[in-house]
Every structure is written in C-alpha cells, then in structure tokens.
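This briefing goes with the sequence and structure shown below. Please keep both in view while reading.

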2 protein chains.
Amino acid sequence: MTERTQEAVSYLNVIESRRSVRAYDPSFRLERSELEALIQEATLAPSSANLQPWRFLIIDDPQLQEVVFPIANSQEQVRTASAVIAILGDLQCYEHLEEIYGEAVARGYMTQEIKESFVARVSAMLPAMSEQQRKEMAMFDGGLATMQLMLSARAKGLDTVPMAGFDKDKFKEAFAIPDRFAPLLLVAVGKAEKEGHPTTRLPVERVTFWNDHFNA
Amino acid sequence: MTERTQEAVSYLNVIESRRSVRAYDPSFRLERSELEALIQEATLAPSSANLQPWRFLIIDDPQLQEVVFPIANSQEQVRTASAVIAILGDLQCYEHLEEIYGEAVARGYMTQEIKESFVARVSAMLPAMSEQQRKEMAMFDGGLATMQLMLSARAKGLDTVPMAGFDKDKFKEAFAIPDRFAPLLLVAVGKAEKEGHPTTRLPVERVTFWNDHFNA
C-alpha cells in the first residue's frame, strides 16, 4: 500500500477490479495517514468553478461505527470496515472562494486580475442560487470526488462500497453536523474478507444516443 | 490509444495528469468506436441498486456542436473538441430493473430468488420517490460515472472538461430530449491543443473531519 505499489497498478486494472464489497476483515484498521491519502487523491477531482463543495467526515472509531449501523439500515459493512466516510456537500462553499483563488495566484496559476474578475462573478452567482441548486451542484461534484476516492482505494489494494440508503436527518443529528453540510453518501472502506460479486451493465448501445437521433 | 497503451498507464499518473482542458485541436476527430469505449468504461461505475440511471448523448456532428455552443455559454471547447457528451439522468430508470437483474441471473451472479425479492423491493421504492429525489440519485450516480469517463479518456491520452454551466431547458428543446431524461452535465472530449492549467485544492485537513469532532 505504498506509493510505489500504487504506481504499478494500471488504470484499466483498477476500474475493472473495483467491486462493491460488503464483507470486510474487522481486524484490519487503516492508519489515519492512509485515510488522508485517499482524501487527498479524491480531491484532485474537478468541481464547478473549482469550489470543491465536498467535505469528508471519517468515522474510524468502532464505537461510532456502531452508532452509524442502525442509521444506515443495519448494513454489516458499516461496523466491519476500517472506516465509514461520509461525503458531505458544503452548501456555503463559496465562502472559500478567496482562499482557493488566492492560493492559485500565489502559485502563479492565475493572475491577480483574472482572479478578481472570477471571484466577483462567482460571488454574485452562488449566493443567488437556491439552496436546492447548491445542493445539486454538491451532489454532482460529490459524485466525481467519490468515484476518485473509490478508485484510489482500489489502486491501494483496498475495497469500498457506496451507500446511498441511510437516514440523513438522524445521521446529522447523531454527529452534530451543522446545517451548512448536507450528507450525500456513505462509503465503507477496508480490506475485503470476501470478494464483491460481479454485476451486469446495460450494453453501451442501450445507454448511448447520437446527435439528433434521440430515441428513448 | 490502444488497449495496450492504456494498460501501461498507471492509475496515479491518470488522476494526477487529468486537467480541465479548454483548447482542443479542431482537426482531431474520435472514431465512434473510441467514444463507445469511453462509455463502456464509464458504465463500470457503481450506482444505487445498480440502476444505472445515466444516459449519454454524444454529439460529434460539428454542425450540431455549433448548436450547443450558444446553449453552453459560448464556451469555445464545445465546437473545437472531438465531441460533446451530455450526461443525462433517467428519471424512470427503474423500468430497466427486470432487464438488469434478469441478466445478472442469466450470468449466474444472482439467484432467481434473490432477484425476485430485490426487484420487488426496488420496484416498490423507486416510483414512490419524488421526481426530485430520483433526479438527485441520478446526479450523484451521474457524477460517479462521469469521473470514470474523464479518467478513462485521460488513460487513453485524451482530455476532457466538465461543463455544468449550460441552459438545460434550451438543450432539451434543441435535441428533442424526452422529459424522462434530465440533462446533468456536458463533457467535451478531444485532443488538447494547449495543456490545461494546474489548479489548487484546499488542504486535506480543511475538508476532513474525524468521528464526533465536528468543527466547521
């Protein structure tokens, strides 16, 4: 699970070997630095105006995993995986605009002038969006980052399973999550005890349409 | 851009070299088989109950790319990229339940018994969700598949840029998209003429929280 191991893993192998794994080795615990490495790689994903509207609540305390268990429909992986990562959408992500673009200027990726016009434009646009629109933005961008997180885990020999089915209100309450953060998804991560089973996909021609020939 | 080339590309290299590219070589056109290969790899992404609520409208006719241009805020990449792929959410994705799970049984991935209990459960649940809830499910799952699409493109030496800013109603009208499909995002794909510029990310510790220590 070192950087070197990961570099040797081909992209194609990673996407083809990723499965949703629901049986984990409960004795295997990830180091915090390993979990942080997953987050770091996940955040390389792009987001609308680079606003990075995702936050990650990592639950790796076994007692707190027990708290999540009933909230997440008693799915066994919640307590046997090394950690449960909650993907949260930050509905006020535009407050970090100065910080994000300021850093881009400091690194010479952007001129001060471009930064200022960009910040002015996004600052006007985002707060004018409804909370629902901002949540939707966070959902799509959250999906992008979550896919990268799951692939990064696979590249490191780990397994994951995304869980959309959990009681979001109870989860917010149990973990004292402020209202600005919307829980979007839970991801269990750990070492598989039993391989995930293969699944099928609709054939490409059933999900693809070309140009103006739209036939549902 | 062969399978062999791709296998040689490491996962880490793919995620680190992916950038949002806005300047494309307009003379470079992708074959339809190459575009289909991207879709095929994208669809290996997981989705809620494996419902695969995404559809892909690939616009590779230059005249139709011109039609998208004003709808997508006159972003130059819309007409210079090899293709624009619209990610659509299928709000009635549960209609494909029999097809998806039937195939899983046919391949021996699932018993007939498990299939039937699963189909009954999901068939009862999905239509009871509001259209908004189904759209949100499609947005998150669409994000997962789109990230994989962009990474697969990078692994093949191609570049992409996701575009959330476009007039969804005008797009639906221009391409006669049935109401069951919600346009979620456009992705331009092609051969970069100019490299994408690097961007910054908030440090891991600014976007990560642990267990019950929630401090916004």
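**A buried glutamine, and the pair of chains around it**

At 0% relative accessibility, Gln52(B) counts as buried, where buried means under 20% relative accessible area, exposed over 50% and partly exposed in between, with a 1.4 Å probe and protein chains only. The model is predicted: local features need pLDDT of at least 70, side-chain atom pairs count only at pLDDT 80 or more, and totals for chains, interfaces and linings use all residues. Residues are numbered from 1 along each chain as its sequence is written, chains are lettered from A and ligands numbered from 1 in the order in which they are written, and side-chain values use heavy atoms, with hydrogens and water left out.

**Loop residues**

- Gln52(B) sits in the loop between helix H3 (32-42) and strand S2 (54-59) of chain B; helices (H or I, at least four residues) and strands (E, at least two) are DSSP runs, numbered from the N terminus.
- Phi of Gln52(B) is near 50°, a positive value in a residue other than glycine.
- Most residues other than glycine have a negative phi.
- Ala176(A) also has a phi near 50°, positive although the residue is not glycine.
- The loop that holds Ala176(A) runs between helix H9 (168-174) and strand S5 (181-190) of chain A.
- Ala176(A) has 55% relative accessibility and therefore counts as exposed.
- Ser20(A) is placed in the loop between helix H2 (11-17) and strand S1 (23-24) of chain A, and at 18% relative accessibility Ser20(A) counts as buried.
- Leaving aside residues up to four places away in sequence, Ser20(A) touches Thr160(A), Val161(A), Pro162(A), Gly196(A) and Pro46(B); contact means heavy atoms within 4.5 Å.

**Chain A overall**

- Chain A has ten helices and seven strands.
- Its C-alpha atoms fill a box of roughly 55 × 50 × 40 Å along the principal axes.
- Of the 216 residues of chain A, 56% count as buried.
- Among contacts in chain A with a separation of 6 or more, 79% come from residues 24 or more positions apart.
- An unreviewed UniProt entry carries the annotation "domain: Nitroreductase" for residues 15-191 of chain A; UniProt positions are given in the numbering used here, feature names are shortened, and annotations may be inferred rather than shown by experiment.
- Residues 15-191 of chain A are 47% helix and 18% strand, and the end C-alpha atoms of this span lie 17 Å apart.

- In chain B, helix H6 (residues 97-106) and helix H7 (residues 112-125) pack at an angle of about 165°, with their axes 10 Å apart; axes are lines fitted to C-alpha atoms, for helices over the stretch in contact, and angles run from 0 to 180 degrees between N-to-C directions.
- That makes H6(B) roughly antiparallel to H7(B), a term for angles over 145 degrees.
- On the H6(B) side, the contact is made by Leu97(B), Glu98(B), Tyr101(B), Gly102(B) and Val105(B).
- In chain A, the axes of helix H6 (residues 97-106) and helix H7 (residues 112-125) come within 10 Å and cross at roughly 165°.
- H6(A) is thus roughly antiparallel to H7(A).

**How the copies relate**

- Chain B superposes on chain A by a rotation of 180° with 0.0 Å of shift along its axis (RMSD 0.0 Å), using least squares on the C-alpha atoms of residues with pLDDT of at least 70 in both.
- The two copies are thus related as by a two-fold rotation axis.
- The copies meet through the same surface, because 100% of the interface residues of chain B are also interface residues in chain A.

Technical notes:
Parallel < 35°, antiparallel > 145°, perpendicular 65-115°, else oblique.
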